[in-house]
Amino acid sequence: MDALIAKERYRFHERLFETHTLTLTESGVASNADTSSRSSKAIAKKMIDILTGEQHHIVQTASKISGQTLGKQFELLTMEFLQETFPKLASIRPGQWSILQLGNNNRMKTSDFEQYEHLAYLSALTADNAQLAAALGNDYLVAPDVVIYRNLCDDAQINATQCIVDQTVSKMADIRRINGGKPLLHASVSAKFTMRSDRAQNSRTEALNLIRNRKGHLPHIIVVTAEPMPNRLASLALGTGDIDCVYHFALYELVRAVEEAGSEDAVEMLETLVQGKRLKDISDLPLDLAV
């Protein structure tokens, strides 16, 4: 029997094809390829050849779909993959977890989490004061694509094996429900189907906002992508301090595709990212989130 994460990785790829997120045009250009780049088209097409040839996925022919539509579908499928994997790791990361596609249209906002509760107050202040808004700006308002958060614990859970807390101690501990806090943001996941021009840097901006504006524990800050070009992956993956790591939807297939269809520079760059642990496969993500 296949391992859970192996099955869900396969299902993730299957859903990308089923939802027409990953398609080919009549001329054979993959939907995650940059039509102006010969290398991007070659690598993306080779990846689809591997996924359809060896994993028996079926690719559909479709006219070009808007980037916004593809992006939203990729967010949704990333959320579904995490919902089917991360909560199953209770043996090493217990807790009551919720995984949601957030974005700008969800009623839940970043300020609904304990570490960022104060942002709602700042937003209300700047809404009523133009001078204050000009001075502070509004870059503290972030809306991650997908979030994982931990619900608070009752004292009965905390004291399940022995008496750990009572009314005299731990009166400000965030995880304790009796203290009246909000859910704890565990991870912010930025899902980017592709990385075109400066749009990839939006993920870095979101990360820096989460780092600067938090009170308390810093959540995991993750990027998931289907971008085929190593140099574009490097624009976000290289360096440390803001993003935990970039995860590719099909890294194993990407490595083979770049070796077969990419340039020597592309192969070298991809090796640097992988060996430096700045680029990992989507199957690594659930376990990394358990840390």
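**Helix packing and aromatic pairs**

Helices H9 and H10 cross in a left-handed manner. The model in which they are seen is a predicted one. H9 comprises residues 251-261 and H10 residues 264-275; their axes come within 9 Å and cross at roughly 155°. Angles over 145 degrees count as roughly antiparallel, and H9 is therefore roughly antiparallel to H10. On the side of H9, the contact is made by Leu251, Leu254, Val255, Val258 and Glu259, while H10 contributes Ala266, Val267, Leu270 and Val274. Sorted by class, this contact has eight nonpolar residues, one charged residue and no polar ones.

Attention now passes to the aromatic rings. Across the whole structure, a search finds five aromatic pairs. In one of them, Phe86 and Trp97, the ring centres are 5.0 Å apart and the planes stand at 65°, so the pair is edge-to-face. Phe86 belongs to the loop between helix H3 (67-85) and strand S1 (97-101), whereas Trp97 lies in strand S1; the pair thus links distant parts of the chain, 11 residues apart. Both Phe86 and Trp97 are buried.

A second example joins Phe113 and Tyr149, whose ring centres are 5.2 Å apart with planes at 50°, so this pair is tilted. Here too distant parts of the chain are linked: Phe113 is in the loop between S1 and helix H4 (118-128), and Tyr149 is in strand S2 (residues 146-150), 36 residues apart. Phe113 is buried, with a relative accessible area of 0%, and Tyr149 counts as buried at 8% relative accessibility.

Finally, one aromatic cluster is formed by Phe12, Phe74, Phe81 and Phe193.

Definitions and conventions:
Residues are numbered from 1 along each chain as its sequence is written. This is a predicted model: local features need pLDDT of at least 70, side-chain atom pairs count only at pLDDT 80 or more; totals for chains, interfaces and linings use all residues. Side-chain values use heavy atoms; hydrogens and water are left out. Axes are lines fitted to C-alpha atoms, for helices over the stretch in contact, and angles run from 0 to 180 degrees between N-to-C directions. Helices (H or I, at least four residues) and strands (E, at least two) are DSSP runs, numbered from the N terminus. Angles under 35 degrees count as roughly parallel, over 145 as roughly antiparallel, 65 to 115 as roughly perpendicular and the rest as oblique. A crossing is left-handed if the near helix is turned anticlockwise from the far one by less than a right angle, and right-handed if clockwise. Contact means heavy atoms within 4.5 Å. Ala, Val, Leu, Ile, Met, Phe, Trp, Tyr, Cys and Pro count as nonpolar, Asp, Glu, Lys and Arg as charged, and the others, Gly among them, as polar. Rings of Phe, Tyr and Trp (its six-membered ring) pair if their centres lie within 6.5 Å; planes under 30 degrees apart count as stacked, over 60 as edge-to-face and the rest as tilted. Buried means under 20% relative accessible area, exposed over 50%, partly exposed in between (1.4 Å probe, protein chains only).
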